[in-house]
Amino acid sequence: MIRSDQRATVAPADIVFRVAADVERWPEILPHYRRVRFHEKKGFGRGVVEMAAWRDFLGPLRWPTWWKSIMEADPDEPVVRYRHIGGITRGMDVEWMFLPADHGTVVRIVHAWDGPPWPLIRRIAADRVIGPHFVSFIAQRTLQGVCAEAERLARLEAESAPAPEAHRE
């Protein structure tokens, strides 16, 4: 299974990267995230992290999801990578990319996974159920929230930036 989800934002790539890599703040800014905690932190956006989110259905119905990953955020590229090491999505590779675009950034998340360790229905479960109805569904909500927060921070930074001096002759 390979799933690609993306969203355009007017926020610059460095701000979007900071919000995306600051996963400990996600439960504050993303209502579908239940918790995020590092089991082993090796710096900003690096270490072993456990995440839990809700997959909303119709009305008040929600399905709890969780996974544990090795996370590596690299501001120089910029990119955020995960390797799922726990949960039903164990073995999934995830890459967040921040691509310069006209008037902002395109944020793309690519999930690659062979599926759960279920004989006979592994691929069907990944391609037809877990990928589109859980992975992409949660990724799209996460992209929406991360981009909204990045745009808010970009506005705040622009408002607090000193005004350019007028040219004097």
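**Figure 1. Overview of the predicted model.** Residues count as buried when their relative accessible area is under 20%, as exposed when it is over 50%, and as partly exposed in between, computed with a 1.4 Å probe and the protein chains only. This is a predicted model, in which local features need pLDDT of at least 70 and side-chain atom pairs count only at pLDDT 80 or more, while totals for chains, interfaces and linings use all residues. Residues are numbered from 1 along each chain as its sequence is written, and side-chain values use heavy atoms, with hydrogens and water left out. The protein has 3 helices and 7 strands, taken as DSSP runs numbered from the N terminus (helices H or I, at least four residues; strands E, at least two). From the N terminus on, these elements follow the order β-α-α-β-β-β-β-β-β-α. Along the principal axes, the C-alpha atoms occupy a box of roughly 80 × 35 × 25 Å, and of the 169 residues of the protein, 42% count as buried.

**Figure 2. Close-up of helix α1.** Helix α1 spans residues 13–21 and is mostly covered, since 7 of its 9 residues are buried. The buried residues in α1 are Ala13, Ile15, Val16, Phe17, Val19, Ala20 and Ala21.

Figure 3. The structure holds 14 salt bridges, each being a side-chain nitrogen of Lys or Arg within 4 Å of a carboxyl oxygen of Asp or Glu. Side chains of opposite charge can pair when their charged atoms come close. Glu72 forms one of these bridges with Arg46, and the closest N and O atoms are 3.9 Å apart. This pair links distant parts of the chain, with Glu72 in strand β4 (residues 62–74) and Arg46 in strand β3 (residues 46–56), 26 residues apart. Glu72 is partly exposed at a relative accessible area of 42%, and Arg46, at 33% relative accessibility, also counts as partly exposed. In a further salt bridge, the side chains of Asp56 and Arg141 meet at 2.6 Å, N to O. Here too distant parts of the chain are linked, as Asp56 belongs to strand β3 and Arg141 to helix α3, 85 residues apart. Asp56 is partly exposed, with a relative accessible area of 23%, and Arg141 counts as partly exposed at 24%.

Figure 4. Leu120 lies in the loop between β7 (104–112) and α3 (122–160), and Leu120 is exposed, with a relative accessible area of 86%. Asp114 and Arg123 join their side chains in a salt bridge of 3.8 Å, N to O. Asp114 counts as partly exposed at 45% relative accessibility, and Arg123 is partly exposed with a relative accessible area of 44%. In a separate group, Arg25, Glu28, Glu149 and Arg152 are linked in a network of salt bridges.

Figure 5. The largest pocket has a volume of about 450 Å³, the volume being the space filled by probe spheres set on grid points joined across faces, edges and corners. A pocket is an open set of points, on a 1 Å grid over the protein atoms alone, where a 1.4 Å probe fits and protein lies on both sides within 12 Å along at least five of seven lines; lining residues have an atom within 4 Å of a point. Of the 24 residues that line the largest pocket, Trp67, His84, Thr89, Val135 and Ile138 are the closest to its centre. At least two lining residues come from each of β4, β5 (79–86), β6 (93–101), β7 and α3, and α3 gives the largest share, 7 residues. By class, the lining has 19 nonpolar, 5 polar and no charged residues, where Ala, Val, Leu, Ile, Met, Phe, Trp, Tyr, Cys and Pro count as nonpolar, Asp, Glu, Lys and Arg as charged, and the others, Gly among them, as polar.
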